[in-house]
Amino acid sequence: MPAAVPPPLRRHQREALDVLEAAWAAGRTRTWVVLPPGAGKTRVGLEAVRRAPGTGRAVVFGPNTAIQSQWERQAHDFGLEAGTGRDLGHELSALTYQSLAVFDADQEVDDEGEEASLLARLHDNGRALVGRLREAGPILLVLDECHHLLEVWGRLLEELLAELPEARVLGLTATPPDALTRDQAALVRGMFGESLYQASIPAVVREGDLAPYAEMVWLTTPTAVEREWLRSEAERFTGLVTDLLDPEFASIGFLTWLDLRFLSEQVAWHSLQKRDQELCDAALRMHHKGLLALPIGARMGEQHRRDPTPDDWVTLIEDWITKALRPGEDDRDAAAVRAVRRALPSVGFVWTRRGIRRGRTPVDRVLARSAAKMRAAVEIVTHEHAALGERMRTLVLCDHERASAMLPADLTGVLDQQSGSAHAVLAGLVADPTTAVMHPLMVTGSTVAGGAETLQHLREHAIAEGITGLQIEEVADGACQLAGAWTSRTWVRVVTHFFQAGHCQVLVGTRALLGEGWDARRITGLVDLTAVTTTTAVVQTRGRALRVDPQWGGKVAINWSVVCVADDHPKAHNDWDRLVRKHRGFLAIDDDGDIVDGVAHIDPELSPFAPPAPDDFDAVNARMLVRAQGRADLRAQWRVGEPYQDVFAHTVRILPDPSRLGGAVEPVPVALTAESITPLANGPLRPSSTPVHVGLVLAGLTFAAGLLTQSLLPVAVGLVLGVVAWLVGDHRTTTYGRQLLAAASRPPGVSQIACAVAETMRALGRASVGADGVVVEIDHRGRYRCHLSGVAEPESAAFATALDEAVSPIADPRYVVPRWVVAPGRTDRGRARLAVLGGLQADGVVWHAVPTAFGRRAKDARAYADAWAHWVGGGDPVFTRSPEGVGILAAQRGADPFNAATVIRRHWG
């Protein structure tokens, strides 16, 4: 059968291949390419097989059988001879990483007792495969989803590649380099060098090669039984916190120690931060709680404006015990240590000889597997069906098919043994009349299950595809399984066809089987019940829903994360923290149409540092449902097909206090010094004196003519004209002066501060643009979004950090700059004339911190002061370690001149 004609290469495929061929031509033999799931990595790999110079065969390794089958099928369609055998007897051999990494436990050490190399420990089958690879000569080795190398096979393949000097190696992954840890990045660079090419998910969506999408959250609380258990578990730690607030609890009270540790003038806060950022963050959250004064030099950020977590308490407790207490010498100290040791396990910590260490807590299991999350999945599916009807194809992903480990004894009667499993979710969907009509199915690596009627239809579908001998067997909870002589390689394909045809509208699966490499283009969304939080796993699971549906050009994928949160236990926010980690670094569209990372793209009201109050859950869920129903609006916000830049920037979001920081996008049109008001260049305020000058000239000419002709009438007319011109001029001067005073009494605008920061960066050679690159926009909630456009991400991040500091309270800066102010309402005639003619004294001065980036050197501080004076108004910078500066800082430390709430977010485009 002749090979099908492949479709034209997409933009990102074409660009990746061009770069790859150029690298090969330059002699590079190890390369890797980053493309999102659904962007066509397999096509890139097949084209690379066809184009690779000097290679006779290709061997592709992938993480599972689904991806292995995909390579074999698409290779055939591409006209390549392909197979899945280890004999490497085909033009392209598609294998799994597991086919190589099967270790022999008896070979863990060699005869000398030393740890053997991984190649030496391979099972006979693995060693035979390595031998064939070594003998194959100049082959192309394609490592698909090569991020798996970092988790399991990295060291093995590092050894293997050293044995294959003639092989060309191409790594394909969806994991961007900036998501790698330091060790992972070092391993990848050692095997492949730097990434050749990468494209982001938003870029591929804007091209139209992935479907537009949005991220939603469904917030729920534990069941009544689970909450009661959480309350009882919380008692030990709550009792410890109460004891810690007693100054007589130990020889040195806990709060007394915090004062000694963080409030002493002998402690340099910036040095303490460098040594132990975690400890300092915990201390600032204690300040927010009202248990500690603000340390000298400390600056409260968004992450500090919440109550201390159990982790914060434990961090500070360990510092207190190890540095302040003497349990071997003081009985109270010994009793305090015992009380801490008893309470720690309730929040997931244990006491060891080496100090406090993180342990396991059943609280996390209760939250991750709460029965409430199963009910939430049913409710989400119901709403999705109401919105989409017959178009709906929802994937529900779980971590495991069945729970294998026994529940701890103290959770008996709290959680069902199978709570959180794919079987439990299927049972809930089958039992609910609303979702049962959607014919839910479960497919895992070992089981295909569902309702009896649905399985009967599936068996008929399988028979039509030539698969016979399947039987329907009852299992439990109203579900059955379809058993017989077939394997996951076969049933995944059959179930996928069945699902895409709409015979089943809800598919429950495990992340191991369907969370990566599985291709079903008609999926309309995902319900994520998994606990995994790595960037790789998040990108892969979301990638299942982002394929473009050829039968529905208006598809928009909606991905739901289900989160269980309670206030009944200090660790009852763990599931929220998991949500935050899942979305950190993952980009999606927010409700203003910006593409940002973090939970802000779910809802701008959500904070990465604390969940909403449980009383707000219904309101959050309602907003999610309204947004999910507006798929057409979401698609329009993505602006598919429009030009874009595949770059990242950092935005400062500011909610200003109008009395202290102007919110207008246009800046205040004047700048102040101690004794003058200066209109900004090209600003709207300019004196209109030309008619007055003309009047004075005419008066003078008329008066002169009268004197020359000795006629009283021209003299009188000249005098009248002169008086009129003078009066008009005085009126205009007064009016203009009042305009200047009114403008000067307004607080500076967001854009003025931003322009001062940007111009400083340009003057210091740290940015290629200045005020001309400042962008200030307002969202529908009244917050201002400011970023520096036309620069690389590091410059954008530096600008955002400096601007955030410029509008924040004064902590311990090395330099400060003045801002002169004029009191509103004082616009009498005399002050108005002084404002125009010069000599007006400012009514006061407000001091502002010079951002850290500009405060390290006097030269840099001067550059900032110059830009500040031009855009805002001010004077010379003052060094806070000088006698004058010490006095200013003592009076101003902790002052919040602008009273603006700020957060920094990373966005795309």
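Colleague: What should I know before we start?

Modeller: This is a predicted model, where local features need pLDDT of at least 70 and side-chain atom pairs count only at pLDDT 80 or more, while totals for chains, interfaces and linings use all residues. Residues are numbered from 1 along each chain as its sequence is written, and side-chain values use heavy atoms, with hydrogens and water left out.

Colleague: What makes strand 9 and strand 10 a pair?

Modeller: Strands are DSSP runs of E, at least two residues long, and helices are runs of H or I, at least four, both numbered from the N terminus. Two strands pair if DSSP finds at least two bridges between them. Strand 9 (residues 349-352) and strand 10 (residues 355-358) are joined by 4 bridges and run antiparallel, so they pass that test. They form a hairpin with 2 residues between them, and Thr352 stands opposite Gly355.

Colleague: Why are strand 19 and strand 24 called edge strands?

Modeller: Each of them, strand 19 (587-589) and strand 24 (774-778), pairs on one side only. They belong to an open sheet of 6 strands in the order 19-20-29-21-25-24, with antiparallel pairing. Strand 24 has 5 bridges to strand 25 (residues 784-788), and Glu777 stands opposite Arg785 there.

Colleague: How do you know that helix 29 and helix 32 are in contact?

Modeller: Contact means heavy atoms within 4.5 Å. Helix 29 (residues 750-763) and helix 32 (residues 858-871) have axes that come within 8 Å and cross at roughly 145 degrees; axes are lines fitted to C-alpha atoms over the stretch in contact, and angles run from 0 to 180 degrees between N-to-C directions. Among the contact residues are Ala756 and Val757 of helix 29, and Tyr864 and Trp868 of helix 32.
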